[in-house]
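Subject: Structure handover and notes

Dear colleague,

I am passing on the structure we spoke about, together with my notes on it. Please look through the model first and then read on.

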Amino acid sequence: MIVSGSTSQSLAAALAAELDEPLGAVDQTAFPDGESKFALSPPATHSLADVDRAVIVASTTTAASHLEVLQLQDAAREAGIDEVVTVLPYMGYGRQDRAFEAGEPVTARAIARALSPGTDRILTVTPHEPGVCEFFDPPATAIDAEALLAEPLQTGPDPALADPLFLSPDAGAIEIAETVQSAYGEGAVDHFEKTRSSGTEVSIEPSDAAVENRDVVVVDDIVATGSTMSESIEVLQERNVGRVFVACVHPLLARDARSKLARAGVEAIFATDTIERTVSTVSAAPAIAEEL
Ligand code: R5P
């Protein structure tokens, strides 16, 4: 049975269809003091006693969604379901995978420790650092969804991209750009250099790649505040680029990220449904299903 957290309803439904597994119902209410309450139930054709595996699918984009995963795990255990698999399409706090300054927590590790007892397996999609998987006690797998981004790039732009440049904003994301280029089947790959001065401020140093009048796809794992992408696009615009597209796995698009990208001159954004936004035109369900 696939169990959907409130953040991942479309992806959970796509996964249920992909696997031909029933989609359980999650009834969410609240106590008068505001504490959340969940009740799991199987589809009409099943009983909980027949369910031998619960696959909880929930991106942890908010504090409430972390708590929700804990509650859904516990509900599945309480129902006596043999195997509980937790799928975090987007693992929130995954970028806090070390203490950057003295006194800071390793929040990704703290969350992994909290989520571990309630599950037999963890799957997460394109974590910022695959090393976060080691923070979990049960087996944890990082699923690569980057190649899926080639499909909307092949079908979306009109006219189609011709000999595009796939560009990552920094060397750290070059492998993602290479994967998308390889799945797309043509074009070149390059990277800029990024220096981050705060949570919302970055500066971008261009490479000497030829971009004039060329279609460029800027590729990254996450678009959060949009600073990295908007700065990259502005640098490209100064060099008389052709069209600029953004492709990312996780379209967090926090705060005014959409406006920043629009002001910078992005042509279109293509992303997966690990975070459900209007730009999530490609589903990560097939990549997740392969691991289930
Ligand atoms: C960090 O290194 C990631 O790969 C992304 O570049 C980063 O999370 C993007 O953040 P923002 O959109 O806030 O610049």
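The notes below take up the ligand site, then the charged pairs, and then some backbone details.

This is a predicted model, in which local features need pLDDT of at least 70 and side-chain atom pairs count only at pLDDT 80 or more, while totals for chains, interfaces and linings use all residues. Residues are numbered from 1 along each chain as its sequence is written, and side-chain values use heavy atoms, with hydrogens and water left out.

The ligand is surrounded by 13 residues (a residue is near a molecule if one of its heavy atoms lies within 4 Å of it), and the closest are Arg95, Asp220, Asp221, Thr225 and Thr228. Polar contacts, meaning pairs of N or O atoms within 3.5 Å, can be listed for several side chains: Thr225 places an N or O atom of its side chain 2.6 Å from a ligand oxygen, the corresponding distance for Arg95 is 2.7 Å, and for a polar side-chain atom of Lys194 the distance to an oxygen atom of the ligand is 2.9 Å. On its own the ligand has 380 Å² of accessible area, of which the protein covers 91% (areas come from the Shrake-Rupley method with a 1.4 Å probe).

Turning to charged pairs, a salt bridge is taken as a side-chain nitrogen of Lys or Arg within 4 Å of a carboxyl oxygen of Asp or Glu, and by this rule the count comes to 6. One of them joins the side chains of Glu21 and Arg53, with N to O at 2.4 Å. This pair links distant parts of the chain, 32 residues apart, since Glu21 is in the loop between α1 (9-19) and β2 (25-30) and Arg53 is in strand β4 (residues 53-57); helices (H or I, at least four residues) and strands (E, at least two) are DSSP runs, numbered from the N terminus. Arg53 counts as buried, at 13% relative accessibility, where buried means under 20% relative accessible area, exposed over 50%, and partly exposed in between (1.4 Å probe, protein chains only).

Another salt bridge is formed by Arg77 and Asp120, whose closest N and O atoms are 3.2 Å apart. Arg77 belongs to helix α2 (residues 63-78) and Asp120 to the loop between α3 (107-115) and β6 (121-125), so the pair ties together parts that are 43 residues apart in sequence. Arg77 is partly exposed, with a relative accessible area of 30%, and for Asp120 the value is likewise 30%.

Leaving aside neighbours within four places in sequence, the residues in contact with Asp190 include Leu165, Phe166 and Ile174, contact meaning heavy atoms within 4.5 Å.

Finally, the backbone has some points to check. A cis peptide bond joins Asp158 and Pro159, with omega about 5 degrees, and Pro159 is found in the loop between α4 (150-155) and β8 (165-168). Asp163, which lies in the loop between α4 and β8, has a positive phi of about 45 degrees although it is not a glycine.

Technical notes:
A polar contact is a pair of N or O atoms within 3.5 Å; within protein, one must be able to donate a hydrogen and the other to accept it, and residues adjacent in sequence count only if both atoms are side-chain atoms.
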